[in-house]
Amino acid sequence: MNHKLDLASLPASGHGADAWHDRFLAWLERLYASPRLYSFSLTNPLTRWVTRRRTQKLFDLMAGFVHTQVMLGCIRLDLFKMLHQAPADLHQIAARVNMPAPVLQRLLLSAVSLNLLECRSGARFGLGPLGVPLATHDGIAAMIEHNHLLYADMQDPVGFLNNAWQGDMAAYWPYAHDANAATREPQDKFSRYSDLMAASQGFVIEEILSSYFFDEHQCVLDVGAGKGRFASEMAVHAPHLKVKLFDLPPVLELAKANVQQRGLSDRMSFHPGSFLHDALPTGADLITLVRVAHDHPDDVVRQLLQKIHAALPLGGVLLLAEPMAQALSESYAGPAQSDAYFHFYLLAMGAGRLRTPEELMHLMAEAGFGQIEHLPNAMPIHAQLIVGRKSKCLP
């Protein structure tokens, strides 16, 4: 069986290195599709692990929805917090959650297979390595619970693509596709999604505070501040800062209560408004934009970045932080699987989209920013950071 790579036999396309790469991938595709290669790879101990790994990855993709529902089931039964207190056996757990033991056993064993739970001595179940964060970080559990809206919207994926922004997820985030939502949505809806944003923001905040130095700044404006969790953590982290919060009026009412509770009112000021319709307040030498740009289409982001540039003094800085896509040119190193989630979440949510760092840096440059940098950070899956400085006026 000869699998020698014969590049001369591959179809030509493109130019230079790209053409060679395309021909190589086409050859690999034909190779993977060969039944003879599959049989050979299983009998050869040097290649068997590759085939097994590829098969397992494909199975995991197929079973992914079941995996998410196992995780959600454990959260709704409060199993992670329960077993964080002490391991328990099947019958003890069944009595606590009021569920028949034979049925519950399927959930527990499935959770063990996913490393959410693990078996302990005495036929007991305890937390697995992936279950510990779900017991100790409420924000992760809140997002998993929230994702049931996305999964409901995507039951028919093709139908979803043809009718995006019309499902339960879009109704949950009305501001992402309705510029006038603030004038007609009830207060409890703002409270609901502001609570979720605050609960799920912890890891993003940690990435920002550990990756960016605030020493050169005196006053910060946080645009899209929500309930003020990031602004409050930033104020504690950098006690020399004065902080301004900008968001929709009903959202800032929620932020005031949070800031007062933390005893930070003397260092914070509140500026209600909509960046779609209003100018941003001036006086800050740093403006932060945390998980805002990806909620909106390019034209809105351009408008917002121009307003930020106008509000900053000469030498002022924009710090943008949010999940970002991997550039297609980097896919040779292996695509980021998290991109698939964010692409569809943002499509279900509204008119926003997941952008690469290069796309965001280009939009910042269009708005007039210079010295634009993509800052390294420890966990880019939570957020990546870009900074730009106002070095010139818009042409």
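Analyst: Let's go with strand 7, where L286, T288 and V290 point one way while I287 and L289 point the other way, and all are buried. Here, buried means under 20% relative accessible area, exposed means over 50%, and partly exposed lies in between, using a 1.4 Å probe and protein chains only. Helices (H or I, at least four residues) and strands (E, at least two) are DSSP runs, numbered from the N terminus. Keep in mind that this is a predicted model: local features need pLDDT of at least 70, side-chain atom pairs count only at pLDDT 80 or more, and totals for chains, interfaces and linings use all residues. Residues are numbered from 1 along each chain as its sequence is written, and side-chain values use heavy atoms, with hydrogens and water left out.

Why call strand 7 largely enclosed by the rest of the structure? Because 5 of the 5 residues of strand 7 are buried.

Now for the neighbours. Two strands pair if DSSP finds at least two bridges between them. Strand 4 (residues 219-223) runs parallel to strand 7, and 4 bridges join them. In that pairing, V223 sits opposite L289. Strand 8 (residues 317-322) is also parallel to strand 7, with 5 bridges joining the two. There, V290 has A321 as its bridge partner. To get from strand 7 to strand 8, the chain passes through helix 17 (residues 298-311), and this β-α-β crossover is right-handed. Right-handed means that, with the strands pointing away from the viewer, the path from the first strand over the helix to the second runs clockwise.

What about the loop that links strand 6 (268-272) to strand 7 (286-290)? S274 lies in it. S274 counts as buried because its relative accessible area is 12%. Leaving aside neighbours within four places in sequence, S274 is in contact (heavy atoms within 4.5 Å) with F246 and L248.

One more piece to look at is helix 16 (residues 249-261). The expected span of a helix is 1.5 Å times one less than its number of residues. The buried residues of helix 16 include P250, V251, L252 and L254. Just after helix 16, G263 has a positive phi of about 70 degrees.
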